Amino acid sequence: MVRRLAPDGSQLTIDVPDTLGDLEWFGVNRFAGPRLNRDFYVAAVGQEKVIPTKLLPGASKRVFSRKGYDVVLYEAADRSDSVLLWVGPHHTATTWFGGPAPRPDVLSKLIALVQFSDSPEGATVKPTSTTLVEQHGIQVIGRNDEVAITVSPAAAATLPEWKGLASNGREVWREQLNTGEEVDTSEPYAWRYRIANTTAVVDVTFFSGPPTAAEAARAGFRAADVATQESNVTAVVDGLQATWGR
Amino acid sequence: MGISGTTALALGAIAIAVFALIATAGVYLRLKEMERSLADVVFGQPAQSIPERLRPRPDQTATIALALDGQCPTCHRLLGAVEAAAHGSLAGARLIRLYANKTGLQSHDVDTSIESSADSDLWTAVYEGYTPTLSVIDHAGRVVHRQFVYPDTDLDTLITDVASAVHSVAPHSAGADTPTAKEA
């Protein structure tokens, strides 16, 4: 039973089958307001180290220390991209600007609009004013090398019009994965599974092969055979329970 | 030959226009400067004042406060690393380790020359949601450097960074400055 905190403060309880192994958890929250459209991505702390080393090498860094977290602004050396991070002790929230960093007064307005608080179960990135800014598109994502699980609140999800498989108080649909190449549709991993109950909707996608040859060469990665695929998919379709609560 | 009335009027109008342009440019520059300084105040750390008991004494450079709990192995290693550097790169600084309560202090009962305290007021002043945390505090009671220490943090680099933060702390005679952003 895994407990995670969604970026809007909701409590997510999810029963992930043991055969899938450990998952790394991420969160997404989106703000919409007057002249504001911003996506925030929450990841475990340490993931942001890739920004100055790989994504924006040579970027300039400004750090503003607050009680409990740091606000960090990276701007690329050629000012082609910039990113604002809230680095807490357990998680980091990021938002990208896709261009030069905003002016200090615009940046301070944005920082004043965001309320960040961290905990070992997840970080919340909420607007300080819910009358001005609406949150939408909130997701909690768990992934590892074999599976990606995306959980959203039931109120926000769009479900197919036809009835799905009823199982254990949930409804299950599947949709063919469009990977752009020929897949054997008899393989269980060629489908995306959507599991909905009264509070949460879970999308489960399995990776049937490494995306690149380089990753294929990585030690320990084996594409699952059909029998393993079937058992993993059955474990998920029968046993995956998620509760999205306040 | 004097200037005719019309020419004088035209020259006067031009002079007024130039003056208005300079005045507008001046106001605009002043506005930009104010925006910049306002942003610094808004971004920067809200003035949290560390209690007097934690601040360094006049003959010390800064206080290095460790927020620890008695159980985590990282806390033990951090304490060991700080102690090892106490007379080396961290000489001149006041070293103190803080615990949430007496139980934490007792379960971390190691023979050390570093000051210890289990006072809850000092703990709330320094604790930022994670243990172990290392904070460098200057004479004005401001936290100038705060670092969360993870199990995979390189302690040698940490001690070097802390030592340079301690050396960059303003000496005791400096008054209370406005908080500014650190530029790295």
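Is Ile14(B) buried or exposed? In this predicted model, Ile14(B) is exposed, because its relative accessible area is 52% and the cut-off for that class is over 50%. The residue belongs to helix H1 of chain B, which covers residues 5–43. Together with Ile3(B), Leu11(B), Val18(B) and Ile22(B), Ile14(B) makes a nonpolar surface patch of about 510 Å².

**The sheet of chain B**

Chain B contains an open sheet of 5 strands in the order S3-S2-S1-S4-S5, with mixed pairing. Strand S3 (115–117) and strand S5 (143–148) stand at its edges; each has a single partner strand, so one side of each is left without a neighbour in the sheet. On average, neighbouring strands of this sheet are turned by 20° against each other, direction ignored.

Within the sheet, strand S1 (residues 63–67) pairs with S4(B) in the antiparallel sense over 5 bridges. Ile64(B) has Val136(B) in S4(B) as its bridge partner. In general, the strands of a sheet pair through backbone hydrogen bonds, either parallel or antiparallel.

Two helices of chain B that pack on the sheet are listed below, with the strands they touch and the direction of each helix relative to one strand.

| Helix of chain B | Strands touched (chain B) | Angle between directions |
|---|---|---|
| H2 (residues 73–84) | S1, S2 (94–98), S4 | about 160° with S1(B) |
| H5 (residues 155–167) | S1, S4, S5 | about 20° with S4(B) |

**Backbone features in loops**

Most residues other than glycine have a negative phi, and most peptide bonds are trans.

In chain B, the peptide bond joining Thr131(B) and Pro132(B) is cis, with an omega of about -5°. Pro132(B) is placed in the loop between helix H4 (120–126) and strand S4 (133–137) of chain B.

In chain A, Arg79(A) is not a glycine, yet its phi is positive, at about 60°. This arginine lies in the loop between strand S6 (69–75) and strand S7 (82–87) of chain A. Arg79(A) counts as partly exposed because its relative accessibility is 47%.

Asn168(A) likewise is not a glycine and has a positive phi, of about 55°. Its place is in the loop between strand S13 (165–167) and strand S14 (170–176) of chain A. With a relative accessible area of 56%, Asn168(A) is exposed.

Key
Residues numbered from 1 in each chain as written. Chains lettered and ligands numbered in written order. Predicted model: local features only at pLDDT ≥ 70, side-chain atom pairs only at ≥ 80, totals over all residues. Heavy atoms only, no water. Helix = DSSP H or I, 4+ residues; strand = E, 2+ residues; numbered from the N terminus. Buried < 20%, exposed > 50% of the residue type's maximum accessible area, 1.4 Å probe, protein only. Pairing = 2+ DSSP bridges. Axes fitted to C-alpha atoms, helices over the stretch in contact; angles between N-to-C directions. Contact = heavy atoms within 4.5 Å. Patch = residues over 30% accessible without salt bridge, like charges linked within 9 Å, V, L, I, M, F, W, Y side chains within 5 Å. Areas by Shrake-Rupley, 256 points an atom, 1.4 Å probe, with all protein chains shown as cover. Salt bridge = Lys/Arg side-chain N within 4 Å of Asp/Glu carboxyl O.
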